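Please keep the model open while reading.

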Amino acid sequence: MIYHDVVVVGAGGAGLRAAIAVNQKNVNVAVLTKVHPVRSHSGAAQGGINAAMGNNPRGGFDSVEKHAFDTIKGSDYLADQPAALKFTRAAPGVILELEHWGCPFSRMGDGRVAQRPFGGAGFPRTCYAADKTGHVILHTLYEQAVRFEHASERDNFKVYDEWMVTRLVIEEGKCRGVIAYHLATGKVEAIMAEAVIFATGGAGRVYLPTTNAVISTGLGLAIPYWAGVPVKDMEFVQFHPTTIYPTGILMTEGCRGEGGFLTNKDGERFLKNYSDSAKAMETAPRDIVARNMQREINEGRGIDGMYINLDIRHLGAEKIMERLPGIRDIAMNFVGVDPITQPIPVRPGQHYTMGGVDTDENGATCVEGFYAAGECACVSVHGANRLGGNSLLETLVFGKFAGEAAADYVLSKSALKKGEAALKQGLDAELEKFKKLTDSTGGEKAGTIRDELGRLMAEKVGIFRKEDELKEAWKQVKGLQKRFENVRVGYSGMKFNQALVMALEVEGNLAMAETIVYGATVRKESRGSHFRTDFPKRDDENFLRHSLVTWDAAEKKMKPTWKDVVLGLHEPKERKY
Amino acid sequence: MANTAKFRIFRFDPEKDRDFRFQDYDVPLEPGMTVLNALFYIQDNLDQSACFRVSCRAGICGSCAMHIGGRYRLACETQASIAKDSRVTIRPLAHLPIIRDLVVDMAPFWAHYKKIQPYLQPGDPDPERERTQTPADRSKMDILIDCILCASCHASCPMTASDEAYLGPAALVKTNRFAVDSRDRALEQRLKIVGDEHGVFRCHTVFNCSLACPKEIDPAGSIANLKRLATTHFLCKPEVR
């Protein structure tokens, strides 16, 4: 049986940073990832990464406390405040570390890392590399992973690419390892580990359209959820205001940060007509801008009734080429629009999963030896709405903390290499599950269920939500789950069986959709990204708390609970920009 | 069948098939549909055994480079309408072993990448703050850091076909990215790694890589720069060899 002290699942920002942190403590670590590390979705992040460094002349009075305040206010006061402060305090350090590792950040005239304004931030504190910040950070981390791999003895640092983890094995409240499917050979293996860190990213593909990669499905969250680890605040789903129409590809918030306008069919900058965005206009936070855009579209002021124009023409060719070159490429390649001469058609689309595996500030969960970090985790620092530039930061900060905590845990553990029987049992169960999917005689196709679910979630559990539609969504998700029992994977070979991979992911999407609909139904208030047209006000009296959902495998049903928000720095106030 | 995209796709499972074959698929065309969307349509509706690599579908992850209609392209960035008038053939990346269908074994490609020490080597302990870099110095890396390691250049290069040890255009672009980084102090070491017959001097300036690159990086230009640096360096300091 393959054994490593720590297994990290996922190799985006959080996974690679966690693995490096484990290795820095001289503990053996393996990274298991279903795609090669540089294919991870962190690479698609465009705009930047926040840290109160005060490099920008207009950021001189910035501080980590102010960054924490903006994060808390942005979260609509659902963030745990001490965690938010720990998060922003660690920010300048991880930026400097990245810079020392060679990350090619854009620069100020004096040679320091450049910073620009971003939505919801009091100061220009978003570090960037043109509009490819995630790409350069992911590549820098992978470069460092190679460096650590080169430097390490006895295979102390190992990356298993295209090994897809499908099951987490927990025994007597302790994590024992994972079951993984090696795509290239078709082998399914049990991998024993003292600690497992999940860094599997968000569940964007539960929705259609989404800016998320095809690989960002609900399975990464569903695996720990099915193993009994609770998920938290799943109803909070961020819709990015500017995704390209119709494909859903992201247009960075940097477009607005750099001074782009959003206009309706009359060419009017309509954000001035809404009280929550009248002052900040295009730089108001994502949830507010997305809602006001959707209102314009719903009230018939969208272009062709479908989209809003993102106009950056007035920035001029030179600035567009320098600051937003990737955006121009995307607009030209995917919709044939040159933003130097034409506005870009955009609409809000699913972008980020605020909810996730319930963890503490170090990524630890209720299961000993099981950690989560990055988008798949919910600490929570993003609360009801994440600020732009805080997600790349989250991957690095909490990836690091989770890696260190897991390494410390392994170093303190006395009884090692336990759980062989449980892992074997898990392996058998997984093989049986795969066989059932490929041998099924049912007539359902996983792809059909995936698309129907995505559209259902966007339509009924999207930017605007209400009771009767949520009830209907619940019924339909249950119906799709029922239909999933008859899914047949039409190819039985095990080598690169993408149809099987997709079916497993769709099952994960269905499980997470259920938790999202549930959270959205019980949260009878509007907060951050969660907007109930039947309860349009925030209700701190009843809902200043996190919703938790635990899966009871024995009874095959979910058990909901609540958990208080940790305040301590700022009393909740009305959120205006 | 006016509104149909017609593809001919490479199929091969080295463990089961004696030889490769091509299979035809007709996909109903929708506005804005990309080749990647068409491959998904095939996998969902026509043939669940089809396989290909995919991740971001937005031209940034580098998963879906393949040979489409006579040249290397990212399937996600290519409109399916190119297969409207006549059947378009899709093949996997060349010069790499086939795992199955359009999926190749990238291990040799990554081995070259790792060989060139693809990380910053500043040569001194990390300072308290950032190592400063002027915008002008930073801009020297501009296009080089856009590389998504999709291996289109590797697959299009005749030298990677004839010399398995040749580092190939992608690893050399990465080397050049560090060679021009004002913070890096390992130029001599880097030139030693790439300065032999399996490095820059294996390049015969065919320029296929520069034509193939979906990010318009011009690997041939990077290789030329490294050749120039290596030549000057070794001529001035023959002892480094």
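Is the crossing of H12(A) and H14(A) left-handed or right-handed? In this predicted model, the crossing of H12(A) and H14(A) is left-handed. The axes of the two helices, H12 (residues 446–460) of chain A and H14 (residues 498–522) of chain A, come within 9 Å and cross at roughly 25°, and H12(A) and H14(A) are therefore roughly parallel to each other, since angles under 35 degrees count as such. On the side of H12(A), the residues that meet H14(A) are A:Ala446, A:Gly447, A:Ile449, A:Arg450, A:Leu453 and A:Met457, while H14(A) contributes A:Met502, A:Ala503, A:Val506, A:Asn509, A:Leu510, A:Ala513, A:Ile516 and A:Val517. Sorted by class, this contact of H12(A) with H14(A) has 11 nonpolar, 2 polar and 1 charged residues.

Another helix pair in chain A is formed by H1 (residues 13–24) and H4 (residues 133–151), whose axes come within 10 Å and cross at roughly 30°. This angle makes H1(A) roughly parallel to H4(A), and the crossing of H1(A) and H4(A) is left-handed. From H1(A), the contact is made by A:Gly13, A:Leu16, A:Arg17, A:Ile20, A:Asn23 and A:Gln24, and from H4(A) by A:Leu138, A:Leu141, A:Tyr142, A:Gln144, A:Ala145 and A:Phe148. By class, the contact of H1(A) with H4(A) has 7 nonpolar, 4 polar and 1 charged residues.

Helix H4(A) also packs across the chain boundary, where its axis and that of helix H2 (residues 107–115) of chain B come within 10 Å and cross at roughly 80°. That angle makes H4(A) roughly perpendicular to H2(B). The H4(A) side of the contact consists of A:Tyr142, A:Glu143, A:Val146, A:Glu149 and A:His150, and the H2(B) side of B:Trp110, B:Tyr113 and B:Lys114. This contact of H4(A) with H2(B) has 4 nonpolar, 1 polar and 3 charged residues.

The contact in chain A involves 18 residues of domain 1 and 23 residues of domain 2; the one in chain B takes 14 residues from domain 1 and 17 residues from domain 2.

| Parts | Buried area | Share on carbon and sulfur atoms |
|---|---|---|
| Domain 1 and domain 2 of chain A | about 1600 Å² | 53% |
| Domain 1 and domain 2 of chain B | about 1100 Å² | 63% |
| Chain B and chain A | about 5000 Å² | 50% |

Within domain 1 of chain B, B:Tyr72, B:His95 and B:Leu96 lose the most area to domain 2 of chain B, together 45% of what that side buries.

The contact between the chains takes 60 residues from chain B and 64 residues from chain A. In chain B, the residues that lose the most area to chain A are B:Gln48, B:Arg57 and B:Glu130, together 14% of what that side buries.

Definitions and conventions: Residues are numbered from 1 along each chain as its sequence is written. Chains are lettered from A and ligands numbered from 1 in the order in which they are written. This is a predicted model: local features need pLDDT of at least 70, side-chain atom pairs count only at pLDDT 80 or more; totals for chains, interfaces and linings use all residues. Side-chain values use heavy atoms; hydrogens and water are left out. Axes are lines fitted to C-alpha atoms, for helices over the stretch in contact, and angles run from 0 to 180 degrees between N-to-C directions. Helices (H or I, at least four residues) and strands (E, at least two) are DSSP runs, numbered from the N terminus. Angles under 35 degrees count as roughly parallel, over 145 as roughly antiparallel, 65 to 115 as roughly perpendicular and the rest as oblique. A crossing is left-handed if the near helix is turned anticlockwise from the far one by less than a right angle, and right-handed if clockwise. Contact means heavy atoms within 4.5 Å. Ala, Val, Leu, Ile, Met, Phe, Trp, Tyr, Cys and Pro count as nonpolar, Asp, Glu, Lys and Arg as charged, and the others, Gly among them, as polar. Buried area is the accessible area (1.4 Å probe) that two parts lose on being put together, summed over both.
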